[in-house]
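Here are my notes on the model you sent. Please read them with the structure open.

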Amino acid sequence: IAQNQQLDYTKAEAKDFGYIKQSLPTGVISEDIYIQGIVISDKGHPNMAKNGNSATNKHVVDKTENAIAVYVQSLDGTKGIYLKTKTPGDNMFNFNDRVKVWLKGATLERYTNPARVIIKDVESLNIMSKQSNAVTLQPKEKYIKDLTDDDLYTYVRLKDVEISVPHGSFTNINEGYTARMDSYPTNIRDINGSSMYLLHNLDVPWRRDGNRVPQGSGKITGILVSETLERYGGNIGKYALRPLK
């Protein structure tokens, strides 16, 4: 019989997302702090993050990144943080969970252009509390031109958008390449003439299901991310959207 390890959260201090993104030092987090927010990712979903190629074989996709990706937005939905769990088994975060996550011992990385943070090596033991379906999660609606760095890693609904080339599937590639690359960028544009990309990993079931992509304009909802796609020239723009449906 073994007793599960439990961390001591009793003296942990709550910090808002602004403090984490702007003031918390990079590196291993020594402060006894936690954040509280709403999970907008979903463990086991195939479209959470860009998967890279195996370090030992550039033609083999390593799907670990997708399995450890967690996005948590503040309770008011204004800011988001990207968490990476230590292992896929540590990812116990479901869409619409209200969580408190202890950050001490995890590692913070800060990036610019766009301004964002990624917190790595989060373990399941760092979850102080988790309440399922705590709120009715509503995405914030915006035009592409109104997106800011604060919107990164939050749940966003883009308005008056259409798929720029409304033919074929979401991933118009030779299926023989699926073992070598993972994310495919589908260009969208809106009524104001702005454009960006939808990202679909190649395990997404609707990416190529025999139906053509939606026709006309409407709304598209997903997680706002910032990624590079080396097989498409690297820089694909400041922001991109990862749909969950």
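**Notes on the fold, the cores and some backbone details**

1. The chain has two helices and 19 strands. Here helices (H or I, at least four residues) and strands (E, at least two) are DSSP runs, numbered from the N terminus. The radius of gyration is 18 Å, close to the 18 Å that the globule rule gives for 245 residues, so the chain is as compact as a globular protein of that length. That radius is taken over C-alpha atoms, and the rule is 2.2 Å times the number of residues to the power 0.38.

2. A word on the basis. This is a predicted model, in which local features need pLDDT of at least 70 and side-chain atom pairs count only at pLDDT 80 or more, while totals for chains, interfaces and linings use all residues. Residues are numbered from 1 along each chain as its sequence is written, and side-chain values use heavy atoms, with hydrogens and water left out.

3. Overall dimensions and burial. The C-alpha trace spans about 55 × 40 × 35 Å along its principal axes. Of the 245 residues, 46% count as buried. Buried means under 20% relative accessible area, exposed over 50%, and partly exposed in between (1.4 Å probe, protein chains only).

4. Contacts. Among those between residues at least 6 apart in sequence, 67% join residues at least 24 apart. Contact means heavy atoms within 4.5 Å.

5. Charge. The chain carries 32 positive and 28 negative side chains. The centres of the two sets lie 2 Å apart. Lys and Arg count as positive, Asp and Glu as negative; His and the chain ends are not counted. Each charge is placed at NZ of Lys, CZ of Arg, CG of Asp or CD of Glu.

6. Which residues touch the most other members of the largest nonpolar core? They are Tyr71, Leu158, Met196, Leu224 and Leu241, in a core of 36 residues. Strands E6 (69-74), E13 (155-163), E15 (195-201), E16 (218-225) and E19 (240-242) each supply at least two residues of this core. E13 gives the most, with five residues. Apart from this core lies another, of 21 residues, among them Ile29, Leu103, Ala106 and Val122. A nonpolar core is a set of buried Ala, Val, Leu, Ile, Met, Phe, Trp, Tyr and Cys residues joined through side-chain atoms within 4.5 Å.

7. Leu224 deserves a look. Not counting residues up to four places away in sequence, Leu224 touches residues including Leu147, Leu152, Val156, Met196, Tyr239 and Leu241.

8. Check Pro114. The peptide bond from Asn113 to Pro114 is cis, with omega near 5°. Pro114 sits in the loop between strand E9 (107-111) and strand E10 (116-122). Pro114 counts as buried, at 3% relative accessibility. Leaving aside neighbours within four places in sequence, Pro114 is in contact with Asp149, Leu152, Ser226, Lys238 and Tyr239.

9. Asp121 lies in strand E10. Phi of Asp121 is near 65°, a positive value in a residue other than glycine. Asp121 counts as partly exposed, at 38% relative accessibility. Asp160 belongs to strand E13. Phi of Asp160 is near 50°, again positive in a residue other than glycine. Asp160 counts as partly exposed, at 32% relative accessibility.
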